[in-house]
Amino acid sequence: MRIRIETENRSGGLFTRRHVRVLEKAARTTFLAQGVFEDCLLNVVLTDDGEIRRINRDFRNTDKATDVLSFPMNEFVPGAYCGKGAERDMETGAVNMGDMVISCEHVISQAAEYGHSVYRELAYLTIHSCLHLLGYDHMDEGKEKRRMRAREEYIIGKTPYER
């Protein structure tokens, strides 16, 4: 299995290659923990609050910056990954998981707010977004949100990141 992660770093120097490696480890750990054992492709953009606000406005009709946006290419059942019938990369045949956009400014401010490292916050938001790409959601305060949070906590415990 090969997980190809294409990252475009538009953070203006806020994030380095080291940050990108943390993101890649978190994505790989998430996909493996969720039973994704076939080749897949993930597109990631690291950006600032201004750009993520524009994307949020244009695609979700919400005119505010946020920490992470997820744009799945497929509709998966949470906790029951099956790539049969999934959208695939034309050249490689890898399952196209979708796109992720992360605001580096939000990562930095939330890390300070929650009292942990920027690496931990970046890993957590990557895990959160990957779970969205795999069908998880948290639109209500009920069972689905609790299930997603439990998976996030389990996977962050398995993710190697610098503290």
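**Exercise 1. Work out how H4 and H5 are oriented relative to each other.**

Step 1. Start with the elements themselves: helices (H or I, at least four residues) and strands (E, at least two) are DSSP runs, numbered from the N terminus. This is a predicted model, in which local features need pLDDT of at least 70, side-chain atom pairs count only at pLDDT 80 or more, and totals for chains, interfaces and linings use all residues. Residues are numbered from 1 along each chain as its sequence is written, and side-chain values use heavy atoms, with hydrogens and water left out.

Step 2. Take the geometry. Two packed helices are described by the angle between their axes and the distance between the axes. The axes of H4 and H5 come within 10 Å and cross at roughly 130 degrees. Here, axes are lines fitted to C-alpha atoms, for helices over the stretch in contact, and angles run from 0 to 180 degrees between N-to-C directions.

Step 3. Angles under 35 degrees count as roughly parallel, over 145 as roughly antiparallel, 65 to 115 as roughly perpendicular and the rest as oblique. H4 and H5 are therefore oblique to each other.

Step 4. The crossing of H4 and H5 is right-handed (a crossing is left-handed if the near helix is turned anticlockwise from the far one by less than a right angle, and right-handed if clockwise).

Step 5. Look at who meets whom. From H4 come Arg120, Ala123, Tyr124, Ile127, His128, Leu131 and His132, which meet Met148, Arg149, Arg151, Glu152, Glu153, Ile155 and Ile156 of H5; contact means heavy atoms within 4.5 Å. Sorted by class, the contact of H4 with H5 has seven nonpolar, two polar and five charged residues. In this sorting, Ala, Val, Leu, Ile, Met, Phe, Trp, Tyr, Cys and Pro count as nonpolar, Asp, Glu, Lys and Arg as charged, and the others, Gly among them, as polar.

**Exercise 2. Describe the crossing of H3 and H4.**

Step 1. Helix H3 covers residues 104-114 and helix H4 covers residues 118-133; their axes come within 8 Å and cross at roughly 110 degrees.

Step 2. H3 and H4 are therefore roughly perpendicular to each other, and their crossing is right-handed.

Step 3. On the H3 side, the contact is made by Val107, Ile108, Gln110, Ala111 and Tyr114, and on the H4 side by Val118, Glu121, Leu122 and Leu125. By class, this contact of H3 with H4 has seven nonpolar, one polar and one charged residues.

**Exercise 3. Which hand does the crossing of H1 and H5 have?**

Step 1. H1 spans residues 17-33 and H5 spans residues 143-158, with axes that come within 9 Å and cross at roughly 120 degrees. H1 and H5 are therefore oblique to each other.

Step 2. The crossing is right-handed.

Step 3. Thr29, Thr30 and Ala33 of H1 make the contact with Arg151, Tyr154, Ile155 and Lys158 of H5.

**Exercise 4. How many disulfides does the whole structure have?**

Step 1. Apply the test: a disulfide is a pair of cysteine sulfur atoms within 2.5 Å. The search finds zero.

Step 2. Look at cysteine 40: its nearest cysteine sulfur, that of cysteine 130, is 8.7 Å away.

Step 3. Cysteine 40 has 1% relative accessibility, so it counts as buried. Cysteine 130, at 0%, counts as buried too.

**Exercise 5. Is asparagine 61 buried or exposed?**

Step 1. Asparagine 61 sits in the loop between helix H2 (49-60) and strand E3 (68-72).

Step 2. With a relative accessible area of 73%, asparagine 61 is exposed.

Step 3. Look at the backbone as well. Most residues other than glycine have a negative phi. Asparagine 61 is not a glycine, yet its phi is positive, about 55 degrees.

Notes. Buried < 20%, exposed > 50% of the residue type's maximum accessible area, 1.4 Å probe, protein only.
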